[in-house]
Amino acid sequence: MTGPAVPAVSVADLPVDAALLDVRENDEWAAGHAPGARHLPMSELTARINELPDDDPLYVVCRSGGRSSRVVAYLAGQGYPVVNVDGGMQSWAAQGRTIVSDNGNPEII
């Protein structure tokens, strides 16, 4: 049995001004992320939920879309206006979107 459908959007249909929340772990974030994205690892989400940006909607991204889908399901259940980014940062990179990194050599891990 599956739960309710998770709101989702493809990278191609992501609004230009989308507020992104990256829920990957610290090493993944450091290796490469979307410019302007905010970072809150999934593993720290419940402890730091008060740090969530108040954007409406908030687009949640991870590496491939699995973790962000779980985060969206959880946050939507808490009443947050959230949307999963299908395909995650792998799709972001495949679409040729800009990626920045802490070391100046961005990659998606």
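Strand S5 (residues 82-86) is largely enclosed by the rest of the structure, because four of its five residues are buried (under 20% relative accessible area with a 1.4 Å probe, protein chains only). Strands are DSSP runs of E with at least two residues, helices are runs of H or I with at least four, and both are numbered from the N terminus. The model is predicted, so local features need pLDDT of at least 70 and side-chain atom pairs count only at pLDDT 80 or more, while totals for chains, interfaces and linings use all residues. Residues are numbered from 1 along each chain as its sequence is written, and side-chain values use heavy atoms, with hydrogens and water left out.

S5 runs parallel to strand S1 (residues 8-10), to which three bridges join it; two strands pair if DSSP finds at least two bridges between them. Ala8 has Asn84 of S5 as its bridge partner. Strand S4 (residues 58-61) is likewise parallel to S5 and joined to it by three bridges, with Val60 opposite Asn84. Together with helix H2 (residues 66-77), S4 and S5 make a right-handed β-α-β unit: with the strands pointing away from the viewer, the path from the first strand over the helix to the second runs clockwise.

The chain holds three helices and five strands, in the order β-β-α-β-β-α-β-α from the N terminus. Of its 109 residues, 39% count as buried. Among contacts (heavy atoms within 4.5 Å) with a separation of 6 or more, 64% are between residues 24 or more positions apart. The C-alpha trace spans about 40 × 30 × 30 Å along its principal axes.

Definitions and conventions: Buried < 20%, exposed > 50% of the residue type's maximum accessible area, 1.4 Å probe, protein only.
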